[in-house]
Amino acid sequence: MTPQNLMLLPLSTPKLSIGCPILDHCLGGGIACNSITELVGESGSGKTQLCLQLTVRAQLPPSHGGLGGSSIYIFTEFSFPFRRLQQLGNLYHASYPNLLRLEPLEDIYVHGVHDAQELIHVLGDIEAFIAIDHTRLPVKLIVIDSIAALFQSQYQTTPADLKRRSEMFFNISGTLKGLANKYGLAVVVTNQVVDFIGPHHGVNGVRLGNLESLDTSGRRVSPALGLAWAHCINSRVFLARHEQSIEVDIRNAPSTSICSQTHRTFHLVFAPHLAYASAEFVIKKEGIVGVSQ
């Protein structure tokens, strides 16, 4: 690499906008390409909603915050939410009729996997699929939802199994980073949380990122898959949710009524060259949207 070649490199990594200036600001502009971004949170925190939103937004041109590309969505649990994706596709097409095709779902390729070994095989197929370049738009986003589901029952807690599991982590992440760097992709994976019992300063005394502990729904949690997986990703976003009971005055009623209200928070736990940032958000029919304070 010569000084002349360095001058030819792009000044910044392309980023995929979430579509919300508040949340994009937390990420320094959006989801970075050439790296792995993890979305971690409990069930119902908004991880899948955000992933679906990104697959549609990726099709927009860079001038509108997209990547001008198609997406590959790998799901590992439950059934794929096609109806919700169709709803998002219709809403975005209505907002960008001249930039998105009538059926945005035609540029989203969905595949289900059931274990880690199958994922490695599928990732090999994906590289061949991308290399053939027969899609209408180049593949610019890979989503895995969720990575933790692939390791829930396949491995035990014996030293040998933990070693095999860590090797599988590095195999998967190495392949994903290779694809991201070779083709300029953004890679997004979701992860689950587990209850955390231990000291207040990080996991096993080791602090990873900007938060000493993660709290959601009134409990302390930590990302699933442990430290070995944490070292496989480039950025981590924690989506927290908290239920709050509020009193509501009902007209002509003799007393107030107690209702539950959900507060959601977007935390940037760690990312290259970015400081901690957070923002409250809500889930609307058009997707995840940050709330100004």
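Buried means under 20% relative accessible area, exposed means over 50%, and partly exposed lies in between (1.4 Å probe, protein chains only). This is a predicted model, in which local features need pLDDT of at least 70, side-chain atom pairs count only at pLDDT 80 or more, and totals for chains, interfaces and linings use all residues. Residues are numbered from 1 along each chain as its sequence is written, and side-chain values use heavy atoms, with hydrogens and water left out.

**View A. Y109 and F129 form an aromatic pair**. A search of the whole structure finds seven aromatic pairs. Rings of Phe, Tyr and Trp (its six-membered ring) pair if their centres lie within 6.5 Å; planes under 30 degrees apart count as stacked, over 60 as edge-to-face and the rest as tilted. Y109 sits in strand 5 (residues 108-112) and F129 in helix 5 (residues 116-132), so the pair ties together parts that are 20 residues apart in sequence. Helices (H or I, at least four residues) and strands (E, at least two) are DSSP runs, numbered from the N terminus. Y109 is partly exposed, at 26% relative accessibility. F129 is partly exposed too, with a relative accessible area of 21%.

**View B. F151 and F169 form an aromatic pair**. The geometry is edge-to-face: 4.9 Å centre to centre and 75° between the planes. F151 lies in the loop between strand 6 (139-145) and helix 6 (159-183), while F169 lies in helix 6, so the pair ties together parts that are 18 residues apart in sequence. Both F151 and F169 are buried.

**View C. Ring pairs join four residues into a cluster**. The members are Y73, F75, F80 and F82.

**View D. T265 is a buried residue of strand 12**. The strand covers residues 257-270. T265 has a relative accessible area of 15%, so it counts as buried. Contact means heavy atoms within 4.5 Å. Not counting residues up to four places away in sequence, T265 touches F238, L239 and A240, and also S278, A279, E280 and F281.

**View E. Q86 is a partly exposed residue of helix 4**. The helix covers residues 82-95. Q86 has a relative accessible area of 26%, so it counts as partly exposed. Q86 touches E103 and L105, again not counting residues up to four places away in sequence. Q86 and P104 are 18 residues apart in sequence and 8.2 Å apart in space, C-alpha to C-alpha.
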